[in-house]
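Here is a short briefing for a first look at this structure. Keep the model open while you read.

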Amino acid sequence: MTDAAFKDIPELFEVDIGEALTARTESLVTFRELGPPDLCHVVKSTGRTGQRDLGSFHYISGVDASSSASLAAYINSLTYSLEDNLAWFSKGPTWKVRNGCYCCFNAFSRVDVRVDVKIPGGVNAYVVDLRGERHEATSEIWQETYMSALLRAILYSDDPSYWTDAYRKLDPITSSEGEVRFLQAAEALFMKGWQVGSDPEIQVATVVSNHLTAGILKYFGGSGRWQQAANLFEKLSAREPEVASLLARSYLGMNEEVKAVQIMSNAIKHTPRSYTLLHVQSDFLRSKGKADWALKLVKEAVNCAPSEFVTWEKLTELYIEMKDYESALLTLNSCPMFTYNGRDAHRPIPTSRVHLPFKRQISDILPERQKPEDDEADPALLRLPGPRLQGTWARAYALLTRLVSEIGWDELLKTRSAVFVMEEEYRMQKAQADIQNVALKQQLRREVDSTVIHEDGTVSRRSESATLTADDDASIKGVRGSGGSKASEPDGKVEEALSPSDSIPIIRVSTESDIERELAESGRVTPNGKDTDGPASVITSPIVERPLTAAANEEAESSSAALQEAFSFTNKRLCERWLDNLFMVLYEDLRVWTIFRAEVAHFKTQHVAYRKTGLEWEILGDLGVRLHHKEEAKEAYQRCIETSRYSQKPWTKLLEMYAEEGDITRTVQAAIRVAAYQHADFTEMTYPTLIARCFFKLGEIHGHAKISFTLLSMGLSEPILKIMDSYLQYGKTFKVEGYDF
C-alpha cells in the first residue's frame, strides 16, 4: 500500500470507495458562502485479479476551474506523482490511477460542478444541485465556477480557520493572461457579486460589499497595483453609480487624490445615501486631520445604514480618535451584532490512512512536528475567552481593547459608570421604589379606615385631627386630593380619592431635576396645611430612606445631592448584555497580563531566568497583541521561537512586526521560516500571501534588488532559495512597484 501513495501530495485513504463524494453531496445544503475547498477524489488500481482498489482524496485550491479540460488535466497530472517501485526486482504491485473526480463548488448558483475522468477514457462534466440531482454544465455555470474557485484561493489564502487535513494550495493566477481572464470574469459577474455573500461583519451583501469586491481589492491592493482595479471600476461605474466608492478608493491607493475627490464629489450627488462612499470620504478627511468633518459624514453613514455593524464601528473609531470616550462607549453599545456562522467546510469522514509526505529539503530548518512532553500551558491561559471571539464580537472587542489601551482600566470603568446604569444603582433604585409602594399602600389603607359614609351617601372624615397627611414632597404623585386645604374643610368631600381614575395611584421616581424644581417653588404648602418659605423645610426624597437599603458601609455624612446623583438615570443607558460580557473578557485578559508582567519584573529584580513553555509564550504573545502591547508581545514571540515548539504563528506575527518596522534582515529571516512552514503544510502558492505582501511593502522603499541580495547573503540551500526567489519573480512578472530597482 506504500506504493499507492502520491509523491509530495497529501491524501486521505477512504474506508469505502466513494465515501468522500457521498459526504460532499450530503453537505451541499450546509454551504452558505463561498463553499469549502475543492475536492479531488481518485481510485487507484493494480489491474490484478483479487487486488482491491483503493480510493483516496485530497483538498485543493488554486486550480483553473474555467473548463472541464483544465480540471481533467489536473487529475491527469496526478498519474505522474505515484511512487515508483524501489527497485527493478521489486515484487510489489504497480498502482495506477484508474479514474478520478474533481468537485468545485459554484457559489453563485449554489451547485457543485464535477468532472469525472477515466484513464484511459473520456471526460464527463455535470452539475449536482442541493438535492443531489444531476444537470448539464453550461458556459455561464463554468464562468461562475471559475470565479468562485479564484475567490476562495484569494480570500482564504491566509485564513487559519479555513484549514483541513490534506489541503493543497496552488497559485490561482500565474501569468498576465490569467489576470486578464480574472478581470474579464469579474466584470461579467460583478452585478451578481451579492449572491456569493460577504464578510461576517456585513449583514446584507450589496453590489459593492461582497466577497467578489473584497477579492478584487485584496488581490490588487496587496501588491499596490491599484491601476488595474481602477480600470475595472471605471467601466463598472457607468452601469452602477455606487461603484464610485470603490473607484475613489482605488485612486486614493494610487495617490491620485485630486481625481479621487472629484469622483467622490460627483458620486455623492447621485448616491447621497451610500454608506460605503461616505466611509471613503471620511477616511480621506481623517488622513488629512479633519476629524470633525469626518464625524459628520460617519454619522450620516450610520443614519443611512443603521443595521450595519461597520457604520457603528467606524463612528466608534472616530470618537476614540477624537478622545470622546463616553460617546465612543455609547456608540459601541449600539453596534448591531451578528451570529458568526464560520467558514464552509467538509464533513469529516473516517479514513483508513493519512498520507502527509515530509519534504526533507525544506523542513530541515523546522523543529520536529511531534509535540514535546513539556509543551503544556497553565489552565488559566488556556481558558482565556478572548481568542475564541469571532466576527463582529472580535471587532467590537478590538475597539474595547483600544479604549483601555488609551485611557487605562480605571478610567474605562469610570467612563462606563458615567454612561451606563450600574447594577448596584439599579438595585438601590428598585429598593426605593418598593419602599414607596409599601408606604403608599399603608397611606391608602389609613385613608380608607378614616373615611365615614353617611346615610345620605355623603363621605367625610372621622375627625379633622385624624386627617391623613400625604407627603407631597416624596416621590409619589398619585395621592393629591387627601391633604392640604381639602383636609381643612369640616365636611369636605373626597370623591376624588375614591374615583376610578385615582383608585390605582401613579408612582413616579423623582429625579434630581424634579427635586430642584420643587425646591425653587415659593409658598410651599406642607401636608399639614402650613406654608413654608425658607430652607427650614427640606423635601423628603427617597434618599432619606437609605437606612432601609444595604448601604451601611458608606459614610453617614454623605451629602444628599451626591446620593441623589446615583439615581439620576436621565442621561444613562442600559449596557447591552454582550458588551457586559466583553468587559468580563477584557477583565480576564488584563488580570492575566498584569500577573505576567509582575512576574517578569520580579524575576528581573532577582536576576533569575523567567521560564515558560513554548505554548505559554505563544498565548502570552497573542494576549499582548490583543491588548496593544506590541513590544511585550514581540518579546513573547521571540521567546517562543527559541523553544522546540512546532508552530507557524509566532513567526507569522514577527514577520508582520518586522516588516512594519522596515527591518529587512529580520523580515527575510522570519519569511524563510514562514515559507518553510507553509510548504511543509502543502501551501505552494506565492501570492496572495503574507510573505509577498511584506516583501512588496519593503520593496516600495528599498527595492526588490536589496531583498534579493539579502537572501543571497544568507547562504540558503537551493530549495529554500528557489522558494524565496519565487516571491520576487512574481513581482517582476506583474511589475509590482520596486521590481526594477
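Which residues are buried in H5? They are His211, Leu212, Thr213, Gly215, Ile216, Leu217, Tyr219 and Phe220. The model is predicted. The protein has 741 residues, and 49% of them count as buried. Its secondary structure comes to 29 helices and 13 strands. Take contacts between residues at least 6 apart in sequence: 71% of these join residues at least 24 apart.

**Helix H5 and its surroundings**

- Helix H5 covers residues 211–221. Eight of its 11 residues are buried, so H5 is largely enclosed by the rest of the structure.
- The buried residues of H5 pack against several helices: H3 (139–155), H4, H6, H7 (244–253) and H29 (718–733).

**H4 against H5**

- Helix H4 (residues 176–189) packs on H5 at an angle of about 155°. The two axes are 11 Å apart.
- H4 and H5 are therefore roughly antiparallel, since angles over 145 degrees count as such.
- Their crossing is left-handed.
- H4 brings Glu179, Phe182, Leu183, Ala186 and Leu189 to the contact. H5 brings Leu212, Ile216, Tyr219 and Phe220.
- By class, the contact of H4 with H5 has eight nonpolar residues, no polar ones and one charged.

**H5 against H6**

- Helix H6 (residues 226–237) packs on H5 at about 150°, with the axes 8 Å apart.
- H5 and H6 are therefore roughly antiparallel to each other.
- The crossing of H5 and H6 is right-handed.
- On the H5 side, the contact is made by Ile216, Leu217, Phe220 and Gly221. On the H6 side, it is made by Trp226, Gln228, Ala229, Leu232 and Phe233.
- Seven residues of the contact of H5 with H6 are nonpolar, two are polar and none is charged.
- Ile216 and Phe220 of H5 take part in the contact with H4, and also in the contact with H6.

**H25 against H26**

- Helix H25 (residues 649–661) and helix H26 (residues 664–680) pack at about 150°. Their axes lie 9 Å apart.
- That makes H25 roughly antiparallel to H26.
- H25 passes H26 in a left-handed crossing.
- From H25, the contact takes in Trp651, Thr652, Leu655, Tyr658 and Ala659. From H26, it takes in Arg666, Thr667, Gln669, Ala670, Ala671, Arg673, Val674 and Tyr677.
- The contact of H25 with H26 divides into eight nonpolar, three polar and two charged residues.
- Thr652 sits in H25. At 18% relative accessibility, Thr652 counts as buried, because buried means under 20%.
- Beyond residues up to four places away in sequence, Thr652 touches Val674 and Leu690.

- Ala418 lies in helix H16 (residues 409–419).
- Ala418 is partly exposed, with a relative accessible area of 38%.
- Ala418 and Arg573 are 155 residues apart along the chain. Their C-alpha atoms are separated by 9.6 Å.
- Leaving aside neighbours within four places in sequence, Ala418 is in contact with Glu326 and Lys572.

**Backbone points to check**

- Most residues other than glycine have a negative phi, and most peptide bonds are trans.
- Ile119 and Pro120 are joined by a cis peptide bond, with omega about -15°. Pro120 lies in the loop between strand S5 (111–118) and strand S6 (123–128).
- The peptide bond from Tyr687 to Pro688 is also cis, with omega near 5°. Pro688 is in the loop between H26 and helix H27 (690–702).
- Asp8 has a positive phi, near 60°. Asp8 is placed in the segment before strand S1 (11–14), and is partly exposed at 45% relative accessible area.
- Ala166 has a positive phi too, near 55°. Ala166 lies in the loop between H3 and strand S8 (167–169), and is buried at 4% relative accessible area.

**Cysteines**

- How many disulfides does the count come to? It comes to zero.
- Cys304 is buried, with a relative accessible area of 17%.
- Cys575 counts as partly exposed, at 21% relative accessibility.

Note on methods
Residues numbered from 1 in each chain as written. Predicted model: local features only at pLDDT ≥ 70, side-chain atom pairs only at ≥ 80, totals over all residues. Heavy atoms only, no water. Axes fitted to C-alpha atoms, helices over the stretch in contact; angles between N-to-C directions. Helix = DSSP H or I, 4+ residues; strand = E, 2+ residues; numbered from the N terminus. Parallel < 35°, antiparallel > 145°, perpendicular 65-115°, else oblique. Left-handed = near helix turned anticlockwise from the far one by under 90°. Contact = heavy atoms within 4.5 Å. Nonpolar A, V, L, I, M, F, W, Y, C, P; charged D, E, K, R; others polar. Disulfide = S-S within 2.5 Å. Buried < 20%, exposed > 50% of the residue type's maximum accessible area, 1.4 Å probe, protein only.
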